[in-house]
Every structure is written in C-alpha cells, then in structure tokens.
Number of protein chains: 2
Amino acid sequence: MTEAEARERAAAMLADAGIVLTPAEREAIEVADFGLGRLEEIGLQIVVYVNTERVCAKELVLFPRQMCPEHRHPPAGGDPGKEETFRVRRGEVLLSVAGDDIVLRAGDQHTIPPDTLHWFRAGDEGAIVSEFSTRSRDESDVFTDPQIVR
Amino acid sequence: MTEAEARERAAAMLADAGIVLTPAEREAIEVADFGLGRLEEIGLQIVVYVNTERVCAKELVLFPRQMCPEHRHPPAGGDPGKEETFRVRRGEVLLSVAGDDIVLRAGDQHTIPPDTLHWFRAGDEGAIVSEFSTRSRDESDVFTDPQIVR
C-alpha cells in the first residue's frame, strides 16, 4: 500500500464514520510507518485538528490489525510530558498501558498519564480513535524499538 | 421542554450523527439553561468526555437557533484562562469572537484565546460542536448578562 493509498483508505473510513473533513484536511492526512516500511502491520494514519502550546486534538485511523508501537511521552522543556485520552469512535482497540491490556470499543476511552509506556492495535475491523491531549511534540517521543524513526 | 426531554433530544441528535455514547454518558448529558428558564432559546446540552487538570474535551449539542450567551474564561489560580477550539460536526454555527462573526459549518473550526468574549448560536438545523480545550472551570466563567448563573 502506497502512502497515497493509505491516505485515501483512511479518508474513506472517516467518511463512513460520519466524520467530516475539509478537502485540505483529507489531503494532509499523515501516514506514519515509523520508518519501518511495514505500514499495514505497524503504522498509523493521523488527522491533526489542532496542536497549540496547550491543547492537541486528532483523529487516529487504524487499518485492521494495524499497530502503533510502544512508546512514551517524556517531560520536555518544562512540560511534564504529553497526557493523552484515547476515545474509540469505531471498531475495537487493544490498548496496552504500562503492561496492562485494556480492550476499548466505540464509546470507551482511557487516559494515559505522561511518560508512561503504551502501545495499541486495532481489531479485525480497524478502528477510529479520537485523541485529546496536551501539546504533541512527536520529536520528543521515546520508542522502545531503537529502529523506529518518528 | 423539560430537562429530561432536552437530554433525550440531544442524545438522539448525537446518535443521528454517528457519535457513540455509553449508557452512563447519555444519562449524564448536562442541560444548561444558564438560570434563565428559556432553554430552547438560550441553552446548551453538553457531554463531557474528559476534564483533567490539563485537557478537556466535550460535545456541545445545540437545538435549532439555540444560543450560548456571551462570556469569557478569565485567568484563574495561575492558569492563563481556558483556551477553546470549536469544531463543528453537524449543522451550522454562528460564532462571535471579540465582535467578529464567523460562520462555521461541518468540518470548520476556530480557536478562541483565553479571556476573550464570545457567544455562539446554531442555525435552523441545530448543531453538534466538538470542543477541545484546557481545563474547564465553569465556576470561573464571566458572563456579560448579570442575570446568568452557571
């Protein structure tokens, strides 16, 4: 799957869920393969609605069985680290936080404290997850797999 | 319209938009008439997903032509005041920020800085608005109309 194909597929999943994007937002969907080149297995499609100094909101789109690999958001420059709430809108997600596995379905949510190791993977239908958080600083994220480049 | 009727109507609008709530969230929908007793004209229905020290996310449901009256979120206890991004999911909203009138339709959004006067009103179809913000402290809000009790 090319990046363009992933972007189109994510846009279709969002549209199916009734989530309205502007044409510019559809064009700007971020496709992250974490530098591993195995997007369908390890990857994430992201719509960033807003990312100010204080608040960030995104939609995360996961294809069936697609996984976001283990990482944490450490303190950076006076900020205690990113705090994230994941709310599942469609599909099912296995969220692993500090070793605890939590299954989230549409309408379920979980808040992840700063600097806490976590990973997540969609079930067989894929998933759409709203993320509500403090500022995103992807360049500060620490991944467990040293091969990952964000 | 009673509070229970408003809650039920808001839940139906959210379901129509494909927004999944848990039964507990449906029961807990806040119906705010701002102490004025004219809910259908001046009021708001609110689902609070999360409200931590740092981040808040809500869905706001507005019935046709329903209005949230002018207010601001001043600094409070070391916090510079609430920063809000409104993203319209369904319907049309007239958002007035510091005297500028902005029309937002599904997929449109606007960020309101702290301590800035604003009000908003839904169009003829009503509206659903996602709010992404710093911590909500309703008790600190300053409304222009002195009769309002939040």
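The buried residues of helix H1 of chain B pack against helix H2 (23-27), strand S1 (30-32), strand S2 (44-51), strand S3 and strand S8 (118-133) of chain B. Here helices (H or I, at least four residues) and strands (E, at least two) are DSSP runs, numbered from the N terminus, and contact means heavy atoms within 4.5 Å. The model is predicted: local features need pLDDT of at least 70, side-chain atom pairs count only at pLDDT 80 or more, and totals for chains, interfaces and linings use all residues. Residues are numbered from 1 along each chain as its sequence is written, chains are lettered from A and ligands numbered from 1 in the order in which they are written, and side-chain values use heavy atoms, with hydrogens and water left out.

The residues of H1(B) that are buried (under 20% relative accessible area, against over 50% for exposed and in between for partly exposed, with a 1.4 Å probe and protein chains only) are B:Ala6, B:Ala10, B:Ala11, B:Met13 and B:Leu14. They cover an arc of only 160° around the axis, so they lie on the same side of H1(B); the arc is taken from the directions from the helix axis to the C-beta atoms. The face turned away from this buried side carries the exposed residues B:Glu8, B:Ala15 and B:Asp16. At 1.5 Å a residue, the 14 residues of H1(B) (residues 3-16) should span 20 Å, and the end C-alpha atoms are 20 Å apart, which agrees. The expected span is 1.5 Å times one less than the number of residues. Just after the helix, B:Gly18 has a positive phi of about 80°.

In chain A, helix H1 (residues 3-16) buries A:Ala6, A:Ala10, A:Ala11, A:Met13 and A:Leu14. Seen down the axis, the buried residues of H1(A) fall within an arc of 160°, so they line one face of the helix. On the other side of H1(A), A:Glu8, A:Ala15 and A:Asp16 are exposed. A:Gly18, with a positive phi near 80°, follows H1(A).

A:Ala17 is found in the loop between H1 and H2 of chain A. With a relative accessible area of 6%, A:Ala17 is buried. Apart from neighbours within four places in sequence, A:Ala17 is in contact with A:Arg90, A:Ile128 and B:Ala17. A:Ala17 and A:Pro75 are 58 residues apart in sequence, and their C-alpha atoms are 34 Å apart in space.

Two further residues of chain B were examined. B:Gln66 is in the loop between strand S3 (56-62) and strand S4 (67-72). Its relative accessibility is 0%, so B:Gln66 counts as buried. Outside its sequence neighbours within four places, the contacts of B:Gln66 include B:Leu39, B:Val61, B:Phe120 and B:Arg121. B:Arg150 lies in the segment after strand S9 (142-143) of chain B and is partly exposed, with a relative accessible area of 34%. B:Arg150 and B:Phe34 are 116 residues apart in sequence but 5.2 Å apart in space, C-alpha to C-alpha. Not counting residues up to four places away, B:Arg150 touches B:Glu30, B:Ala32, B:Phe34, B:Ile46, B:Asp138 and B:Phe143.
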